[in-house]
Amino acid sequence: MLLLGCIKEVSDYELVISLPNGLSGFVPVTQISDAYSKMLTKQVAQGELLEDLNSLSDMYSPGTLVRCIVTSVEKSADGRRSIKLSIDPKKVNKGLNASALASGMLLSGFVSSVEDHGYLIDIGVSGTHAFLPRQKAQNYIKAGKRGPDLKIGQNLNCVIVEVKNEGRVVRLSVDRSEVAASLATERQNWTLSNLLPGLVVKARVQKVASLGIKVSFLSSFTGIVDFMHTDPQKSMNYSPDQVMKACILSVHPTSKVVRLTLRQAFLNPGGSPNQLSNDRLGAVVEESTVKAFHKQFGAVFELDDGTLAFARLKHLSKNRKSFKPGAFKTGCKHKCRIIDYSLMDEMCIVSLKYQIIEARFLQYQDVHTGDVVQGKVFALKPIGMQVKVTNVIKGLVPSMHLADVILKQPEKKYNIGDEVRCRVLECNPAGKKLILTLKKSLVQSKLPVLSNYEDAKPGLITHGFVVCAREFGCIVKFYNDVKGLVPKNELSAEPISCPDKVFHEGQVVKVMVLKCEPQQERLLLSFRLSSKPAPEDKKERTPKKKQEVKYQIGEMVDVKVLKKKDNGLKVSVLEDEGNVIASIPTVHLSDFVANCKLLWHCLQEGDVLPRVMCLSDKGEHIILSRKSAVISAVQEEQVVRSFSEIQPGMLLTGYVRNVMPFGVFVEFPFGVTGLAPKVSMSDKFVTDTKDHFVVGQTVIAKVMSIDEEKQRVLLNLKVSECSSGDSAAESFALLNQYFKEVKEIRNLLRRRGEPSMAQGLCELVPGKELQLVVQDVKEDGSALFSGSCVTGLTVTATRYHLGDKNIVPGYKTKALVLHVDALTSKVYVSLREELLKQRAKQVCVHGSQRTPSTLPSCST
């Protein structure tokens with residue numbers, strides 16, 4: 001059966017379609033078009049996202065009319081029917097052939113390919129190539145505001161502009177004005193076998209009855225307009241032989257019954273039916289007036305705002321026995337509730353049933369996190385138990401939440417049909433996802449529900465459940481996936497050496513909030529309910545000694561430099577108004593060894609360093625780090641917090657702790673260390689380990705093996721073994737970080753006490769062309785240069801970088817900056833012609849020299 005439908009909802013895997021007479025159907029993602037299905041198959045086979053594969057939400061939006069064909073009607077266990085549809089043109093237009101195509105026809109098509117001058121459109125007609133010129137699509141694309149091009153798999157209403165070679169080639173248009181003006185005519189030779197829903201025709205009234213109107217159209221066809229699809233403005237004021245425009249709604253293949261609509265929204269192809277405002281759905285109308293009653297179908301009502309609504313027979317009373325037809329005479333008033341909206345009928349769907357009017361929940365939007373709900377068990381599965389809250393709303397109780405303790409055999413406690421009282425852990429109306437808990441301690445809890453980080457005020461006491469117990473403490477989860485950490489020292493008043501032996505997954509616990517950072521979604525908790533929470537308002541804080549404040553590894557703070565020491569910086573934590581003192585070792589100022597020395601040299605007392613990470617907090621000695629790679633690893637949870645979490649094959653980010661003749665010791669965040677033996681240090685042969693690594697150097701290490709008995713970890717530092725797969729992206733990210741730090745160093749240099757030299761260093765960047773004079777040529781073949789732009793600096797070029805030039809003191813030449821050593825004020829340059837020519841070509845292409853800020857993106 002062919003139907004005209006309207007998209008009601010769009011999800012990742014299907015389209016929900018509103019159909020005539022209040023019905024709904026579903027189009028799976030595999031029933032869009034052949035081209036789209038092939039791209040899906042390719043993506044699944046490759047196991048990675050395709051750039052030109054757009055999601056359904058990118059191409060479709062609620063309110064769009066589409067032609068559908070029914071592929072199956074399935075009956076669910078609860079007796080509800082599920083209508084499966086397809087909008088694939090090969091199925092919708094299967095009655096058409098190439099010889100039947102004619103100019104002016106309005107067809108459904110899908111973009112199958114994007115070409116230089118237009119688009120290839122799949123209209124589902126075998127042997128026909130349909131082309132949409134780009135100029136015929138421009139107005140449609142601009143109105144859609146979904147990018148500069150149509151997308152593969154996108155549904156289109158197309159008008160045939162030209163037919164060539166007996167229908168083997170057709171030219172199309174999707175111009176909105178042309179589509180809206182299209183009208184099916186006798187000259188297009190439509191037949192009952194290829195008649196399509198969505199066609200607008202001129203219809204003549206043959207007979208007017210209470211349930212609808214019988215009409216004729218296209219000379220030889222007859223059809224029915226039922227009472228829900230007459231024009232509400234004209235009501236039943238139609239007379240025989242009256243001619244008007246009508247739109248075909250459905251074509252039944254066996255009975256040959258054609259149904260049409262006279263509603264204005266459908267009489268211009270490409271239009272969209274009226275929609276109901278969201279605040280009306282679920283509303284209770286105290287007095288709705290009966291406009292018409294049809295004993296076989298139901299009743300039409302006029303609501304308090306003048307709109308029309310329809311109630312099916314089963315929704316007019318509690319059951320058939322209590323139904324009284326006399327109560328639905330025209331003008332009678334009833335209390336009802338809006339339970340749905342039919343886009344295709346442009347009518348609210350209402351119910352007069354008392355239990356629905358008084359129902360607490362009607363749709364997923366009515367359910368809120370923390371609500372206690374009643375439901376019925378309707379399925380037991382390995383992942384948990386499915387519960388029906390209403391006929392529409394269903395939820396899942398994960399296995400962990402079937403009871404206060406983990407149930408090994410839940411089927412012995414619960415049976416299908418059991419009434420259960422649950423609490424909502426998470427509700428996502430858009431995805432129709434409802435997660436529930438049956439843990440009595442949570443269901444019966446009178447404490448506040450913690451469902452977002454903003455509500456986690458210090459001192460708040462609430463219930464949660466343990467999701468992880470490790471050596472570092474416990475992670476506790478609340479509602480809406482809010483979670484926090486209970487560090488080891490806050491687990492109990494007495495020391496607990498092995499938290500995993502005291503606490504178990506799923507255990508309901510009472511906790512107190514100590515500290516919360518909503519923007520970072522970080523939450524610090526305590527099981528010691530008598531503990532005093534950290535004051536939230538910094539203005540109310542009283543000065544305290546640094547050792548009273550505990551920082552968690554991975555916590556980000558802003559600091560101010562107090563003093564420069566030989567091995568690093570002494571800093572104060574700004575969050576605690578300078579009361580907490582910490583240190584940043586020189587090797588932890590950057591991932592890059594050269595930048596570490598430069599930053600230490602350039603930083604001065606009073607400088608502020610934002611977003612520095614706590615690396616360790618041992619009482620009075622707090623160590624911080626600015627290594628961006630280490631910080632990213634901690635924030636993205638690509639770390640191990642204890643020896644027990646380490647697995648062979650893991651790639652971990654750490655830093656060199658010690659370099660020994662036999663290998664390199666690497667330390668990772670949270671204190672885990674490992675050894676990379678000499679043979680596993682480099683892809684090259686290693687004679688002296690100190691030639692390859694220095695203390696503090698950031699490294700990515702691969703775990704080779706672990707010895708649990710001796711608590712030893714063997715690592716591999718070979719570059720060939722330690723790539724995560726996308727080595728190019730990793731390299732460019734590191735390069736980008738390096739140049740960001742170089743830019744930061746230049747800004748610091750500008751504030752130092754030697755303005756002329758500092759300014760000169762800042763302006764010299766790799767790739768810059770200079771005019772220099774040869775000052776001296778050394779015995780080894782290298783040369784020294786001078787120039788107004790390098791006053792006070794040592795400028796040198798090695799013999800290799802002099803190229804073929806035969807230079808002598810006083811010789812004037814162009815040179816290219818290769819490297820600037822700010823610590824020694826040395827500048828290394830090159831005179832080689834191939835580099836200078838390449839630089840000249842860049843200047844021609846880009847119009848000006850690259851600035852330091854654009855260096856990371858340079859591809860040359």
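Predicted model: local features only at pLDDT ≥ 70, side-chain atom pairs only at ≥ 80, totals over all residues.
Reader: Which residues does UniProt list for "domain: S1 motif"?
Author: The unreviewed UniProt entry lists 1-88, 104-175, 198-263, 282-353, 370-439, 459-528 and 649-718. UniProt positions are given in the numbering used here, feature names are shortened, and annotations may be inferred rather than shown by experiment.

Reader: What about 459-528?
Author: Residues 459-528 are 6% helix and 50% strand, and the end C-alpha atoms are 11 Å apart.

Reader: Switching to rings. How many aromatic pairs are there?
Author: The count is 8. Rings of Phe, Tyr and Trp (its six-membered ring) pair if their centres lie within 6.5 Å; planes under 30 degrees apart count as stacked, over 60 as edge-to-face and the rest as tilted. Take Phe293 and Phe323: the centres are 6.1 Å apart and the planes are at 40 degrees, so this pair is tilted.

Reader: Why does that pair tie together separate parts?
Author: Phe293 is in strand β16 (residues 284-294) and Phe323 is in the loop between β18 (308-312) and β19 (333-342), so the pair joins parts that are 30 residues apart in sequence.

Reader: Are those two buried or partly exposed?
Author: Phe293 is partly exposed at 25% relative accessible area, and Phe323 is partly exposed at 21%. Buried means under 20% relative accessible area, exposed over 50%, and partly exposed in between (1.4 Å probe, protein chains only).

Reader: Which other ring does Phe323 pair with?
Author: Phe323 also forms an aromatic pair with Phe328, stacked at 5.7 Å centre to centre with 25 degrees between the planes. Phe328 is buried, at 5% relative accessibility. Elsewhere, ring pairs link Phe227, Phe297 and Phe310 into a cluster.

Reader: Where do charges sit over rings?
Author: Lys564 lies over the face of Trp600, 4.5 Å from the ring centre. The charged end of Arg832 sits over the ring of Tyr800, 4.3 Å from its centre. The rule is NZ of Lys or CZ of Arg within 6 Å of the ring centre and within 35 degrees of the ring normal.

Reader: New topic: which residues of α10 are buried?
Author: In helix α10 (residues 628-635) they are Val630, Ile631, Ala633 and Val634. Seen down the axis of α10, the buried residues fall within an arc of 160 degrees, so they line one face of the helix. The arc is that of the directions from the helix axis to the C-beta atoms.

Reader: What comes after α10?
Author: Glu637 follows α10, with a positive phi near 60 degrees. Most residues other than glycine have a negative phi.

Reader: Where is Glu346, and what is its phi?
Author: Glu346 is in the loop between β19 and β20 (347-351), and its phi is positive, near 50 degrees. Glu346 is buried, at 13% relative accessibility.

Reader: And Asp481, buried or partly exposed?
Author: Asp481 is partly exposed, at 35% relative accessibility. Asp481 lies in the loop between β27 (473-477) and β28 (483-487) and has a positive phi of about 65 degrees.

Reader: What does the side chain of Glu555 make a polar contact with?
Author: With the side chain of Lys515, at 2.8 Å. A polar contact is a pair of N or O atoms within 3.5 Å; within protein, one must be able to donate a hydrogen and the other to accept it, and residues adjacent in sequence count only if both atoms are side-chain atoms. Glu555 is buried at 9% relative accessible area, in the loop between β30 (522-526) and β31 (556-565).

Definitions and conventions
Residues numbered from 1 in each chain as written. Heavy atoms only, no water. Helix = DSSP H or I, 4+ residues; strand = E, 2+ residues; numbered from the N terminus.
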